[in-house]
Amino acid sequence: STIRGRCASECSTTMKLSPLAHQANAHDDAVWSVAWSGAGEGLLLTGSVDESVKAWRAAGDGLEMAHAYTGHTLGVVALAAAPNGLVASSALDSLIRVWSVDTHETRCVIETPPAENWQIAFAPGDEPAHLAVAGGVSGGVKLYSIEQDGGEQVSVMSLPEIAADKAKNSRFVQSVTYSPDGRRLACGAMDGTVALFDVGTGKLLHTLAGHAMPVRSLCFSADGKTLYTGCDDGHIHAYDAEHRSLTDALPGHKSWVLGVAVSPDGGALCSCSSDATVKLWDVGQRSCMQTMSDQAEAVWGVCFAPGGGKVASVSDDKSVNLYDFV
């Protein structure tokens, strides 16, 4: 299908983001990660280079901090949240900390070799037993147990070997996501490789071609049939995850695409970029409905609330933005 760069005003759809809250100086340094915990409104979680993770509630035109979690000794690069209130944070100190958003108590701490923990994802379901970790220099995805005091590695899924003349770090795996049914894992690497694995067997199902620069974010559609990828080439790709085909490329960002997120109903996609914007896309029409420029520097993460009615974004400018989504 072709991309129609039409404005929202020319569309019959009412899909729209409306600024709800802007929290300046939410952290003492750049904010690199965002996740939403719990059901409905839940708590908004943000992770920063300042080594902390903060939990927020919407309050008027701002955000009210509910709790600050400390324990990392270097910047937090990724967050994940599960429906049962578990939260995981991945940081540059080579630790992944898993805790309860309700009790604030640590569930387990996963220690990884240096530069082998980047993005993370809980297995789908109400009570996940495993956490998937984009393995950085290890060139694959690792699954860890998250039972109480757990943290053991239970399986490894590796990208195929690369030619000797290619840079060793080109298979650096930065991003990871589960399919909604939990049966497949997708990961993105620095050389543009996108790979799909069978979680049960740990085997590589296939790789998807189309990017040649780092794939920093990916997510499945609500039905699991489409995989969206965000890349440093400024494009978002939509792949048919079953048949390995590239079905669409969404241009529009002027720089690296740092995050992509699908709405719970599957009808909308949000992306964020180092061009300091958040874009809202109509998945059915494959068109950009809106571009938000409310943050001054690179926007590192974007996510929908579990209920779908809100969107949050976080930026290098230390701010957190909250939008109403209708």
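The side chain of Asp191 makes a polar contact of 2.8 Å with the side chain of Thr193. A polar contact is a pair of N or O atoms within 3.5 Å; within protein, one must be able to donate a hydrogen and the other to accept it, and residues adjacent in sequence count only if both atoms are side-chain atoms. The model is predicted: local features need pLDDT of at least 70, side-chain atom pairs count only at pLDDT 80 or more, and totals for chains, interfaces and linings use all residues. Residues are numbered from 1 along each chain as its sequence is written, and side-chain values use heavy atoms, with hydrogens and water left out.

Stay with Asp191. Its side chain also joins that of Arg171 in a polar contact of 2.8 Å. Is Asp191 buried or exposed? Asp191 counts as buried, because its relative accessibility is 13%. Buried means under 20% relative accessible area, exposed over 50%, and partly exposed in between (1.4 Å probe, protein chains only).

Where does Asp191 sit? It is found in the loop between β15 and β16. Strands (E, at least two residues) are DSSP runs, numbered from the N terminus. β15 covers residues 184–189 and β16 covers residues 194–198. They pair in the antiparallel sense over 5 bridges. Two strands pair if DSSP finds at least two bridges between them. Gly188 stands opposite Val194 in β16.

Now widen the view. An open sheet of 4 strands runs in the order β14-β15-β16-β17, with antiparallel pairing. β14 (173–178) and β17 (204–208) stand at its edges. Each has a single partner strand, so one side of each is left without a neighbour in the sheet. The twist averages 20° from one strand to the next. Angles run from 0 to 180 degrees between N-to-C directions, with axes as lines fitted to C-alpha atoms.

Another open sheet has 4 strands in the order β6-β7-β8-β9, and its pairing is antiparallel. Its edges are β6 and β9 (106–111); each has a single partner strand, so one side of each lacks a neighbour in the sheet. Neighbouring strands of this sheet are turned by 15° against each other on average, direction ignored. β8 (residues 95–100) pairs with β9 over 5 bridges. Here Val98 has Cys108 in β9 as its bridge partner.

Move on to β24 and β25. They form a hairpin with 4 residues between them. Arg286 in the turn has a positive phi of about 55°. The strands run antiparallel, joined by 5 bridges. Trp281 has Cys288 in β25 as its bridge partner. β25 (residues 287–292) is mostly covered, with 5 of its 6 residues buried.

Last come the pockets. A pocket is an open set of points on a 1 Å grid, where a 1.4 Å probe fits, with protein on both sides within 12 Å along at least five of seven lines; lining residues have an atom within 4 Å of a point. The largest pocket holds about 1600 Å³ of space. Its lining has 50 residues, and Leu79, Ile120, Thr177, Cys219 and Cys303 lie nearest its centre. Strands that each supply at least two lining residues include β6 and β14.

The second largest pocket holds about 200 Å³. It is lined by 10 residues. Among those nearest its centre is Arg171, whose side chain contacts that of Asp191.

Conventions: Points joined across faces, edges and corners; volume = space filled by probe spheres on them.
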